[in-house]
Amino acid sequence: MYQSESVIRNHYNNINDWLDQMTSKVILEKNAEAETHFRNIGITFSTNNETARERIIPFDLIPRIFTYTEWLKLERGVIQRAKALNAFLADIYNQGEIIKANIIPKEIIYKKKSFEPSMFGFSPPRDIYSPIIGIDLVRTGPNDYFVLEDNCRTPSGVSYMLENREIMMRMFPDLFHNNRVTPIDDYPTRLLQTLMSLAPIKCENPEPVCVLLTPGPLNSAYYEHSFLSDQMGIEMVESTDLFVEGKYLYMKTVDGPKRVDVVYRRIDDDFLDPLCFNPQSVIGIPGIMDVYRTGGVNICSAPGAGIADDKAIYIYVPQMIKFYLGEQPILDNVETWNCEKEQELKFVLDNINELVVKEVDGSGGYGMLIGPKSSKSSIDEFKTKLSRNPKGYIAQPLLDLSFSPTLIKNQVEGRRVDLRPFCLIGEQAQLSSGGLTRVAMNEGSFVVNSSQGGGVKDTWVLAE
Amino acid sequence: MLSRTAEYLYWISRYMERAETTARLLDVGYRMSLFPNPSGYNNEWESVLSAAGAIEGYKNKYDTIEQRNVEDYLFFDESNPSSVYNCILNARNNALVVRTSFTPESWLAINKTYQEILNLKEKKFTKSDLPDLTEWTIEQVNLFRGSLSSLLRNDGYNFLFLGLFIERADNSARLLDVKYFVLLPKPQYVGGNIDNMQWSILLRSLSSFRAFRWAYNGNITATKIADFLVLNNNCPRSLSFCIQNIVKHLTNLTCSPEKVGRIYNNLKDLNTKIQEEKIETIVEYGLHQFVTQFIRKISSVDNEIHKEFFN
């Protein structure tokens with residue numbers, strides 16, 4: 001919000017005035033209203049204990065704002081990246097040109113668990129493997145954006161993006177009269193169009209039947225699954241609702257079996273098909289992979305799409321962009337040391353006090369070390385871990401994430417934020433005009449994950 | 001519509017209906033406990049428990065029948081599958097799965113109810129809170145029912161109402177079964193205090209106390225009450241009204257006409273009989289037998305609905 005210590009950036013002026021005229025009583029009331037709203041609509045985490053109270057993510061009332069020009073750059077950069085990641089998947093599951101060109105070593109790809117050998121030689125509709133990509137971005141200066149992570153499997157959080165906006169419009173209608181905020185509520189429609197544009201070859205239906213496949217109510221993103229299927233007007237199914245007969249996939253309905261063309265799956269590869277992946281799995285649809293490979297159904301995202309967001313592959317994304325698109329990357333990667341390489345490991349060990357070390361397979365802000373913020377003993381502990389299993393880790397510099405004004409105990413204070421916008425790729429590639437802003441609610445914290453005290457904000461993109 | 005969705009919708013309204021019935025029964029018990037009754041209050045609480053189908057479960061847990069325990073068992077107890085708490089919890093868990101199949105208002109109605117009952121459960125309630133709890137439950141169920149009026153009139157709607165009327169038919173019939181003897185014209189009871197009280201229990205628990213007065217002129221008699229609760233198509237809790245509506249929502253289903261046909265065939269005799277019968281004939285034949293048969297029939301229709309649509 002601030003340009004320098006005390007100068008407010010232009011596009012935050014309205015918000016600043018609005019904040020000035022809010023009393024602490026109003027803030028308290030509005031906070032309570034938001035919390036009640038989120039509980040009532042059920043945008044909560046499930047816990048295993050059914051009767052225990054479900055948790056909600058803290059919601060901060062102050063929106064984060066991007067100007068039109070700021071957003072243009074992000075939009076172009078994210079779409080560019082999403083296209084390159086899909087091109088990469090199409091390449092490695094077919095010719096493997098990028099390996100032949102010695103840009104990415106083949107061991108890095110083919111030995112990964114997220115690489116799916118059964119996908120080899122198969123091309124999904126339009127060569128799109130990952131139609132919904134969430135890209136985690138941070139900002140360190142007026143024009144410095146870095147990509148922290150790509151999410152090519154089943155990125156979640158879009159329901160927060162939409163619900164945060166809904167609650168803001170409901171609580172503060174005047175804010176939206178006085179600011180030209182680009183709407184985002186067409187996201188579900190665009191998502192459905194994207195899915196429908198990815199119908200399998202054997203689909204004769206001009207309006208392909210899409211379903212959303214959920215693991216069920218105990219999944220932490222279950223609210224999002226039901227929210228999205230509701231908004232798209234498609235069935236939300238569990239794997240027991242689906243079955244394979246002949247060369248097609250059907251769902252069990254009160255009318256009898258109904259053919260399904262596109263499955264927007266929100267379950268992991270391992271649980272898709274017990275015949276193909278995890279034979280121990282009790283969930284899953286036996287035979288679905290066979291139907292998929294023979295063009296009877298499309299599965300979005302494609303099995304094996306996860307290789308593209310592997311932390312070891314991440315390092316190569318800028319090169320992918322040059323290789324497949326012939327373009328310069330618009331968004332930068334964070335400088336990353338791959339501990340698998342001896343020299344880089346040595347550098348990391350020598351400079352660990354200054355670095356952030358992450359587990360390659362870790363997520364949720366767990367299993368990481370923030371060097372400058374850690375005690376000597378935990379640093380030593382990580383050093384031992386690193387030396388034992390170097391290929392399990394990468395390291396990055398500690399970025400000075402941008403601050404966003406946040407209400408803490410009724411006072412406006414700066415807290416670090418990141419951003420996850422959602423990119424859709426089907427017949428066309430498009431970016432939601434907004435995203436999920438996560439905020440580290442604890443003072444001085446760099447961790448925005450909800451499991452560790454992170455909250456969320458509404459994210460505005462101002463119209464031109 | 002997914003078979004699972006249909007099944008969950010059906011059960012959501014069964015649970016909500018059951019929550020209301022249980023709450024009303026508690027209210028009846030509470031009222032009775034305020035009146036002097038020579039035979040003691042416990043009898044009333046016992047018949048409340050039997051009408052709620054909870055007598056066995058209760059006796060497994062408690063040795064004696066006491067108001068406080070009955071209230072707790074019927075309203076909050078997690079081990080009683082028909083407690084108001086469990087009904088709401090189950091309805092909410094089902095709704096969570098099928099919230100896409102009804103309106104946001106319906107989901108909100110159920111989820112708010114759930115959030116509130118968690119709060120109520122945490123608070124320690126006292127005996128005199130019971131009327132508030134009952135009133136609250138009825139209000140919540142009405143909110144839910146009201147929200148259904150904006151639903152698309154599709155199969156989901158019909159499954160919701162099939163569930164509602166199957167549950168109501170069963171609840172009404174069970175209540176009648178527990179209390180059928182007060183409707184038998186035995187000269188020694190007529191006009192007696194106990195009789196009046198028993199009748200009022202029956203009518204109140206079927207939310208029909210005042211409606212009955214409007215529907216029938218003159219003296220209250222056992223036959224009139226029996227007619228009202230069994231055969232009167234204007235009474236929204238009578239057996240005939242429930243059957244009529246089960247038939248209506250069943251035949252309104254647009255999916256699988258042959259499945260609908262099979263269930264309808266099983267139901268149509270009962271429907272014809274109940275629409276044409278005179279209450280005197282039923283009483284002569286045996287109200288108890290009639291009601292028992294009715295309960296059996298409803299249960300077989302319920303089984304068929306499960307078999308045909310939900311498997």
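Predicted model: local features only at pLDDT ≥ 70, side-chain atom pairs only at ≥ 80, totals over all residues.
Student: How many helices and strands does chain B have?
Tutor: The secondary structure of chain B is made of helices, with zero strands assigned to this chain. The number of helices in chain B is 15.

Student: What is the radius of gyration of chain B, and why can the chain be called as compact as a globular protein of its length?
Tutor: For 311 residues the globule rule gives 19 Å, and the value for chain B is close to that, so the chain is as compact as a globular protein of that length. Taken along the principal axes, the C-alpha atoms of chain B fill a box of roughly 55 × 50 × 35 Å. The radius of gyration of chain B is 19 Å.

Student: What share of the contacts in chain B comes from residues 24 or more positions apart?
Tutor: As background, buried residues make up 48% of the 311 residues in this chain. Among the contacts in chain B with a separation of 6 or more, residues 24 or more positions apart account for 70%.

Student: Which helix gives the most to the side of chain B that touches chain A?
Tutor: The contact takes 19 residues from chain B and 19 residues from chain A. On the side of chain B that touches chain A, α1 (3–34), α5 (84–98) and α6 each supply at least two residues, and that side divides into nine nonpolar, six polar and four charged residues. The helix that gives the most, with five residues, is α6(B).

Student: Is helix α2 of chain A roughly parallel or roughly perpendicular to helix α6 of chain B?
Tutor: Helix α2 (residues 24–41) of chain A and helix α6 (residues 104–122) of chain B pack with their axes 8 Å apart, at an angle of about 110 degrees. Because angles of 65 to 115 degrees count as such, α2(A) is to α6(B) roughly perpendicular.

Student: Which residues of α6(B) meet α2(A)?
Tutor: From α2(A), the residues taking part are A:R39, A:N40 and A:I41. The residues of this contact of α2(A) with α6(B) divide into two nonpolar, three polar and two charged. Those in α6(B) are B:L108, B:N111, B:K112 and B:Q115.

Student: Where in chain A is the pLDDT below 50?
Tutor: Chain A averages a pLDDT of 89, and 95% of the residues score at least 70. The stretch with pLDDT below 50 has three contacts in the model beyond near neighbours in sequence, and this stretch of chain A is residues 47–51.

Methods. Residues numbered from 1 in each chain as written. Chains lettered and ligands numbered in written order. Helix = DSSP H or I, 4+ residues; strand = E, 2+ residues; numbered from the N terminus. Rg over C-alpha atoms; globule rule 2.2 N^0.38 Å. Buried ≥ 20, exposed ≤ 12 C-beta atoms within 10 Å, placed from the backbone. Contact = placed C-beta atoms within 7 Å. Axes fitted to C-alpha atoms, helices over the stretch in contact; angles between N-to-C directions. Parallel < 35°, antiparallel > 145°, perpendicular 65-115°, else oblique. Nonpolar A, V, L, I, M, F, W, Y, C, P; charged D, E, K, R; others polar. pLDDT = per-residue confidence, 0-100.
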